Amino acid sequence: MHALQARLGLASIDSNAFKKALTHQSYAEQDNHEAYKSIGKSLTGLFVTEFFHCKYPNLHPQAFEKTISAYIANKTFAQIATELGMQHSIKWTRTEKLGQSTVLADCLHAVIGAVFEQEGEDAAKKFVHDFILAREMDIRPLIKMDEPKRQLSALLRQLGKPKAESRLLSETGRHSSAPVFVVGVFSETEKLGEGFGSSIKMAEFRVSEGYE
């Protein structure tokens, strides 16, 4: 347990508090991590939401919610906890409805709560950034939308910008078996992005889908 605490950069945290954070309620009815876990979950949601709101301020709400959910999901937390080696230090009792993945996710949340209690909000935020948000995750599949051009137009209206217009920038092989069209999407003179495809419609779809 001390090795894990040092590996997480939490040597300054009270060892009893750290031990408590790794103690699931299935193992101890009283001296367990429930309070820490609740605090940790709330803080994680706050920090992750703040991070992606600043990084992708124009991301469509649906895509934004999916991205947040992916980062704070129990599955994600269980994977991170396993990579950190927490499975060797947690205290819990297996039941028919309780598996190790759930316990690992709970314990990682509880560690964040313990850091907050012991060292404050800045330290808890740093921990979340270092171990959760620093994790590489491909969010592109999460932000795919059925009607990206319509949703882009809605976003521009929300931002008070002129509506989006597609303009053909270049093309090759229009009458061949493998044509390529490059389309740009503009809001008046502002170029929002460009995309390519085997048809103008496909190119429009891709550039609208890729706008954040």
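Q: Which residues does Leu-10 touch, not counting residues up to four places away in sequence?
A: Leu-10 touches Gln-5, Phe-18, Val-111, Val-115 and Phe-127, where contact means heavy atoms within 4.5 Å. This is a predicted model, in which local features need pLDDT of at least 70 and side-chain atom pairs count only at pLDDT 80 or more, while totals for chains, interfaces and linings use all residues. Residues are numbered from 1 along each chain as its sequence is written, and side-chain values use heavy atoms, with hydrogens and water left out.

Q: Why is Gln-5 called buried?
A: Buried means under 20% relative accessible area, exposed means over 50%, and partly exposed lies in between (1.4 Å probe, protein chains only). Gln-5 has a relative accessibility of 5%, and therefore counts as buried. Gln-5 is found in helix H1, residues 2–7, a helix being a DSSP run (H or I) of at least four residues, numbered from the N terminus.

Q: What makes H5 roughly perpendicular to H6?
A: Helix H5 (residues 74–83) and helix H6 (residues 100–119) pack at an angle of about 80°, with their axes 8 Å apart. The axes are lines fitted to C-alpha atoms over the stretch in contact, and angles run from 0 to 180 degrees between N-to-C directions. Angles under 35 degrees count as roughly parallel, over 145 as roughly antiparallel, 65 to 115 as roughly perpendicular and the rest as oblique, so H5 is roughly perpendicular to H6.

Q: Why is the pair of Phe-127 and Phe-131 called tilted?
A: Rings of Phe, Tyr and Trp (its six-membered ring) pair if their centres lie within 6.5 Å, and planes under 30 degrees apart count as stacked, over 60 as edge-to-face and the rest as tilted. The ring centres of Phe-127 and Phe-131 are 4.6 Å apart and the planes stand at 40°, so this pair is tilted. The two residues are four apart in helix H7, which means that about one helical turn separates them.

Q: How do you know whether Phe-127 is buried or exposed?
A: Phe-127 has a relative accessible area of 3%, so this residue is buried, whereas Phe-131, with 21%, is partly exposed.

Q: How many aromatic pairs are there, and what makes the pair of Phe-52 and Tyr-56 stacked?
A: The count comes to four aromatic pairs. Phe-52 and Tyr-56 lie 6.2 Å centre to centre with 10° between the planes, and this pair is stacked. Phe-52, at 3% relative accessibility, counts as buried, and Tyr-56, at 18%, also counts as buried.
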